[in-house]
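Q: Please take a close look at one part of this model: the place where the two chains meet. What holds the attention there?

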Amino acid sequence: MSVLRPQDQLPGLNAATILLVGKEDALLQQLADSMLKEDCASSLKVHLAHSLPLPSDVNRPRIDLIVFVINLHSKYSLQNVEESLRHVDTTFFLGKVGFLVTGAGRDSHCSVHRNTVLKLARAYRSPLLFCDLEVEGFRVSMAQRLVRMLQVCAGHVPGVSALSLLSLLRSSESPCLEDL
Amino acid sequence: MEPQPEEPGAAERGGSAENPIPLLLRLRAQTKQQLLEYKSMLDANEEKTPEEIIPEKQIENKIEDLENEIEKVKIAFEMKKLALDRMQLSTALRKNLEDSNIQTSELMDNMNHILKLNKIIMKLQQESWDLEEKLLDIKKKRFELKRASESKFLEIQTEKNKQNDDLANMENSDKMKTLQQKLQKEIQITTVIQHVFQNLILGSKVNWAEDSAFKETVLQLEKNLTMI
């Protein structure tokens, strides 16, 4: 399939799948391991991908949450994410997409400005999370957050839907940035 | 649900070592939620999407309006839920009051305590309000005093400046000069007259040293000689 759609398949019973898209293999792998270590009532599946579109010959379950990982140290990862965004259906952006930015800690190595990523997240109206994936503690707490978000997006939390989570996660935007 | 270690089955990443009944209830809630999501998606897709191309700014505004609407609906829902909970609570309380013995009920103790606390709160609030009023009055008075002292200082300063100016003017004015010149002239005239008297007395060859009054007059004239 060239475009990812959220309702292509029926949801598996008690199963939640997250897709991590990014170029940094080691970081993604570590994040996936931290997420799988988390205590969660539903069965988790973590898929890793360099970029979209995904190869269509693999039999994969319904994807509940896509997280695009952007490394502020390399412009290439931003470009990769921007290209992959085109292969995602618009209905996915109603709460089932998130951006994760890593590498913001070391300002001297950053070649992508924070504002660029902020504008990207605001253009797609998706939540933007900052985390230094190389630090163990931050990674674990981010994994906990992602697991919780995944549960909500998969519909495992009664009373909270992906869209309501999206409106909850929306931070108040400063008016000066709105004019950009 | 944490997997119990005594279970013979492997505790895989799904917690399948749970008791069946809670598991089934949870799965039921899950499927309900997922069904709700699909239904809402179907309803959303039934709406006709506008075909014409709308400029981006308008789309952004529309999106924001829709988001605000979502927030309003959520708030309204929360309010209604709150009101419903309150009504349920009040009916439950009323039923409890009807059934139980009023005197010894814990509920009455709680309510009395609440009333006492509320009275104390109101009293303290009134006191703090009064104190704030007093503080405000004092601040106002201080401000007034400051303003008055400022104006007084200004007045003092202007007066001093005027005085200094007047003094300077007086010193440099022409009147002073003419007066001084007149004074000099008079002094000169008096000295000349005194010289004439002296010369008269000396020329008359009178012995002025004998008479004390005479002596004094001559000696007084002497003084002015040195001024030439």
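A: Start with a term. A salt bridge is a side-chain nitrogen of Lys or Arg within 4 Å of a carboxyl oxygen of Asp or Glu. By that rule, the interface of chain A and chain B has 1 salt bridge. Keep in mind that this is a predicted model.

The partners are Arg125(A) and Glu67(B). Their closest N and O atoms are 2.9 Å apart.

Polar contacts come next. Between chain A and chain B, 10 residue pairs are in polar contact, with both residues at pLDDT 80 or more.

Which elements of chain A give two or more residues to the side that touches chain B? They are β2 (43-49), α4 (136-153) and α5 (162-169). The largest share, 4 residues, comes from α5(A). By class, this side of chain A has 16 nonpolar, 11 polar and 7 charged residues.

Now the whole interface. In chain A, 34 residues are in contact with 22 residues of chain B. The size of an interface is often given as the accessible area lost when the parts come together. Here the two chains bury about 2200 Å² between them. Carbon and sulfur atoms account for 45% of that area. Three residues stand out on chain A: Gln7(A), Ala41(A) and Arg125(A). Together they supply 24% of the area that chain A buries against chain B, more than any other three residues.

Technical notes
Residues are numbered from 1 along each chain as its sequence is written. Chains are lettered from A and ligands numbered from 1 in the order in which they are written. This is a predicted model: local features need pLDDT of at least 70, side-chain atom pairs count only at pLDDT 80 or more; totals for chains, interfaces and linings use all residues. Side-chain values use heavy atoms; hydrogens and water are left out. Contact means heavy atoms within 4.5 Å. Buried area is the accessible area (1.4 Å probe) that two parts lose on being put together, summed over both. A polar contact is a pair of N or O atoms within 3.5 Å; within protein, one must be able to donate a hydrogen and the other to accept it, and residues adjacent in sequence count only if both atoms are side-chain atoms. Ala, Val, Leu, Ile, Met, Phe, Trp, Tyr, Cys and Pro count as nonpolar, Asp, Glu, Lys and Arg as charged, and the others, Gly among them, as polar.
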